[in-house]
Amino acid sequence: MLITIIKRDLKCVSHNLSGAIQPIGFFIIITSLFPLAVTPDPEALQSIAPGIIWISALLATLLALDTLFKEDFIDGTMDQMFIAADSLYVIAFARIISHWLFSGLPLIVMCLVIAMMLHIPAYTFDALIVSLLLGTPTLSMVGSIGAALTVGLRYSGVLLTLITLPLYIPVLIFGASCISADLAGFPWTGQAYLMGAMLVLSITLAPFATAAALRINMS
Amino acid sequence: MSTPIKDTHSIDAHTSQALLSVENLTCERSDAPLFSNLSFSLEKSQSLRILGPNGSGKTTLIRTIAGIHKPALGQIRWSTGPGNRDNSANKPNIAYIGHTTGIRGELTALENLEFYARMTGNLSGMSPTECLEKLNVAHCSKLPCMRLSAGQRQRVALSRLALNQHDLWLLDEPVTSLDDQGIDLLLDLARCHLEAGGMTIYCSHQSIHSGFKNDTEIDLRNFKGDHPQC
């Protein structure tokens, strides 16, 4: 069931590529605005780069959250999947995985290019990638709760942002500090462990909350 | 609570062969009861038509039987199982056609049907393409569904009915935007379904009941709640 839904989402994306590249395009644009607006000076950029990358990643994730359940909800596919699967948990989990595959994963690949643009030295790439690998699935998991709560609303973008962004703060703090610590030559494993803990916590609990929120909106 | 008038057409809720029995069902929308103490039962090869004016709760009743809504009071029992929907071995095989088609616009008609074949199983022996042929939409199986007309999309949705031997069809205004040929094809499918022992619960403002044998009717006006409807 899980794989069937993810495969369908892959097909949807292959038919609608312009929608799928929006988050990653957004990520690239936002990060490239900082050198233009703040300073092109390598040292100054390096010091704010972790924050830039993480804030942009956060906003790019948010961009794709709005449609996480809405399309299925509006066209009735959610009803059909619920009758077939009898479990909103599986549907929620599958959609969260798809969301991460199409917003989180491309972002991790693209962040290496962005890192070079922001003068992040190559020795911090491991911290950068580990923090994003642990952090972006957490963002998808936590964000799905907000997406499920607002699925019945016509214009939910701002409300979704208001619900979700405060919950993203811990990920933002530890994600950015992971990279900053490595830049400064300090060990960054502590932050990485904490992000791992947050990921495990969100994988365990978020799909249940998401399924419950979907249930409320369906009946 | 006023005693509801029992509908003359409804069958006794405790008939032994009844596969599906609905007992004292009360459903509400926004805390106002739509209908209360609704009881009926269905046997193999029977169909039930739900009557009632707009807003009387036809869609809510159908969605409640599908398990999407939770009833405020009352029970829906399946004699094949103890009514425990978590027990997948006893889970009744339900097909639901609602106001929304459940068809993804980006995907082609065939891809949509293949998705449902994998989700619900494909036990009727008919391939997704053959199901589309049943509703005469196989010629647009390669087109993205957003480019199909409303009637064609409805036909694609209805071809889901041919994927499986369902225990129960729940059809909510199934002939909306269908042409005469489409209605005939649906009624052909329905005849086969009823002959194979399936049950159907449907509501329709068009008169398609000629296609359903052993038709019983319930009128939701007879089960209206105590509070005035707004």
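Predicted model: local features only at pLDDT ≥ 70, side-chain atom pairs only at ≥ 80, totals over all residues.
**Helix α1 of chain B**

Is helix α1 (residues 58–66) of chain B largely enclosed by the rest of the structure or left open, and why? Eight of its nine residues are buried, so the helix is largely enclosed by the rest of the structure. (Buried means 20 or more other C-beta atoms within 10 Å of a residue's own, exposed means 12 or fewer, and partly exposed is in between, with C-beta atoms placed from the backbone.) The buried set in α1(B) is B:Lys58, B:Thr60, B:Leu61, B:Ile62, B:Arg63, B:Thr64, B:Ile65 and B:Ala66.

Residues are numbered from 1 along each chain as its sequence is written, and chains are lettered from A and ligands numbered from 1 in the order in which they are written. Helices (H or I, at least four residues) and strands (E, at least two) are DSSP runs, numbered from the N terminus.

**The sheet under that helix**

Chain B has an open sheet of three strands in the order β2-β1-β4, with antiparallel pairing. (Two strands pair if DSSP finds at least two bridges between them.) β2 (32–42) and β4 (73–78) of chain B are the edge strands, each pairing on one side only. From one strand to the next, the twist averages 20°.

Strand β1 (residues 20–29) of chain B is joined to β4(B) by five bridges, and the two run antiparallel. One pairing to look up is B:Ser21, whose bridge partner in β4(B) is B:Arg77. As for α1(B), it lies across β1, β2 and β4 of chain B, running at about 125° to β1(B). (Axes are lines fitted to C-alpha atoms, for helices over the stretch in contact, and angles run from 0 to 180 degrees between N-to-C directions.)

**The nonpolar core**

In soluble globular proteins, nonpolar side chains tend to be buried together. Here the largest nonpolar core has 124 residues, and A:Ala148 and B:Leu170 have the most contacts inside it. (A nonpolar core is a set of buried Ala, Val, Leu, Ile, Met, Phe, Trp, Tyr and Cys residues joined through C-beta atoms within 7 Å.)

Leaving aside residues up to four places away in sequence, B:Leu170 touches B:Ile62, B:Ile65, B:Ala66, B:Ile94, B:Ala95, B:Tyr96 and B:Ile201. (Two residues are in contact if their C-beta atoms, placed from the backbone, lie within 7 Å.) Among these partners, B:Ile62, B:Ile65 and B:Ala66 are also on the buried list of α1(B).

**Where the chains meet**

Between the chains, 19 residues of chain A are in contact with 23 residues of chain B. On the chain A side, α1 (2–15) and α6 (77–85) each supply at least two residues, and α6(A) gives the most, with seven residues. By class, the chain A side divides into seven nonpolar, seven polar and five charged residues. (Ala, Val, Leu, Ile, Met, Phe, Trp, Tyr, Cys and Pro count as nonpolar, Asp, Glu, Lys and Arg as charged, and the others, Gly among them, as polar.)

**α6(A) and its helix neighbours**

Two packed helices are described by the angle between their axes and the distance between the axes. The axes of α6(A) and helix α7 (residues 88–117) of chain A come within 8 Å and cross at roughly 125°; these helices are therefore oblique to each other. (Angles under 35 degrees count as roughly parallel, over 145 as roughly antiparallel, 65 to 115 as roughly perpendicular and the rest as oblique.) A:Met81, A:Phe82 and A:Ala85 of α6(A) make the contact with A:Leu88, A:Val90 and A:Ile91 of α7(A). That contact has six nonpolar, no polar and no charged residues.

Helix α5 (residues 67–74) of chain A also meets α6(A): their axes come within 5 Å and cross at roughly 90°, so α5(A) and α6(A) are roughly perpendicular. Here A:Phe69, A:Asp72 and A:Phe73 in α5(A) meet A:Thr77, A:Met78 and A:Met81 in α6(A). A:Met81 turns up in the contact with α7(A) and in the one with α5(A).

B:Asn37 has a positive phi of about 55° although it is not a glycine. B:Asn37 lies in strand β2 of chain B and is partly exposed, with 19 other C-beta atoms within 10 Å.

B:Asn136 also has a positive phi, near 60°. B:Asn136 sits in the loop between α3 (128–134) and α4 (150–158) of chain B, and is partly exposed, with 15 other C-beta atoms within 10 Å.
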